[in-house]
Amino acid sequence: MTDVVAKTVSLNQLAYDCPQCGVEHRHGSRSLRDRVESRGSHCSNDSHDVEIHVDASTVRVGADGKPLVKWP
Ligand SMILES: [Zn+2]
């Protein structure tokens with residue numbers, strides 16, 4: 001299990017920079033709230049699960065990928 005912090009989150013997708021391969025991986029998202037999501041890694045280097053942390057440092061973005069000024 002590897003802990004990562006999401007770089008961006010939207011109502012469709014969250015993204016993080018992978019510590020294993022350095023590539024950005026994306027997973028589905030349905031919420032903008034702070035939380036931790038356990039997912040199977042998409043990484044080709046390693047097949048371990050990841051704990052994706054959505055926290056205060058995660059940028060909330062809209063469907064256009066631009067940061068939201070405010071979010072509920
Ligand atoms: Zn990776």
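## Secondary structure and overall dimensions

The chain has zero helices and seven strands, where helices (H or I, at least four residues) and strands (E, at least two) are DSSP runs numbered from the N terminus. Along the sequence the pattern reads β-β-β-β-β-β-β. This is a predicted model: local features need pLDDT of at least 70, side-chain atom pairs count only at pLDDT 80 or more, and totals for chains, interfaces and linings use all residues. Residues are numbered from 1 along each chain as its sequence is written.

The C-alpha trace spans about 35 × 20 × 20 Å along its principal axes. For 72 residues a compact globule would have a radius of gyration near 11 Å, and the 12 Å of the chain agrees with that; the radius is taken over C-alpha atoms, and the globule rule is 2.2 Å times the number of residues to the power 0.38. Of the contacts in the chain with a separation of 6 or more, 39% are between residues 24 or more positions apart. Two residues are in contact if their C-beta atoms, placed from the backbone, lie within 7 Å.

Two strands pair if DSSP finds at least two bridges between them. Strands of a sheet pair through backbone hydrogen bonds, either parallel or antiparallel.

Strand β3 (residues 13-17) pairs with β4 in the antiparallel sense over five bridges. Among the bridge partners in β4 are Gly28, for Gln13, and Arg26, for Ala15. Six residues lie between the strands in the hairpin of β3 and β4, where Gly22 takes a positive phi near 80°. Strand β2 (residues 8-9) is also antiparallel to β3, with two bridges, and these two strands form a hairpin with three residues between them.

## The three-stranded sheet

Three strands form another open sheet, ordered β1-β6-β5 and mixed in its pairing. Here β1 (2-5) and β5 (35-40) are the edge strands, each with a single partner strand, so one side of each is left without a neighbour in the sheet. From one strand to the next the twist averages 25°; axes are lines fitted to C-alpha atoms, for helices over the stretch in contact, and angles run from 0 to 180 degrees between N-to-C directions.

β1 pairs in the parallel sense with strand β6 (residues 49-54), over four bridges. In β6, Val50 is the bridge partner of Thr2.

Buried residues make up 18% of the 72 residues. A residue is buried if 20 or more other C-beta atoms lie within 10 Å of its own, exposed if 12 or fewer, and partly exposed in between, with C-beta atoms placed from the backbone. A nonpolar core is a set of buried Ala, Val, Leu, Ile, Met, Phe, Trp, Tyr and Cys residues joined through C-beta atoms within 7 Å.

The largest such core has eight residues: Ala6, Val9, Leu14, Ala15, Tyr16, Val50, Ile52 and Val54. β3 and β6 are the elements that give two or more residues to this core. Not counting residues up to four places away in sequence, Leu14 touches Ala6, Thr8, Val9, Arg26, His27, Ser29, Ile52 and Val54.

## Ala15 and Asp17 in strand β3

Ala15 lies in strand β3 and counts as buried because it has 20 C-beta neighbours inside 10 Å. Its partner in the other direction is Thr8, whose bridge partner in β3 is Ala15. Apart from neighbours within four places in sequence, Ala15 is in contact with Ala6, Lys7, Thr8, Glu24, His25 and Arg26. The C-alpha atoms of Ala15 and Gly28, 13 residues apart along the chain, are separated by 8.9 Å.

Asp17 is also found in strand β3. With 13 C-beta neighbours inside 10 Å, Asp17 counts as partly exposed. Asp17 touches Lys7, Gly22 and Glu24 when residues up to four places away in sequence are not counted. Asp17 and Ala6 are 11 residues apart in sequence, and their C-alpha atoms are 7.7 Å apart in space.
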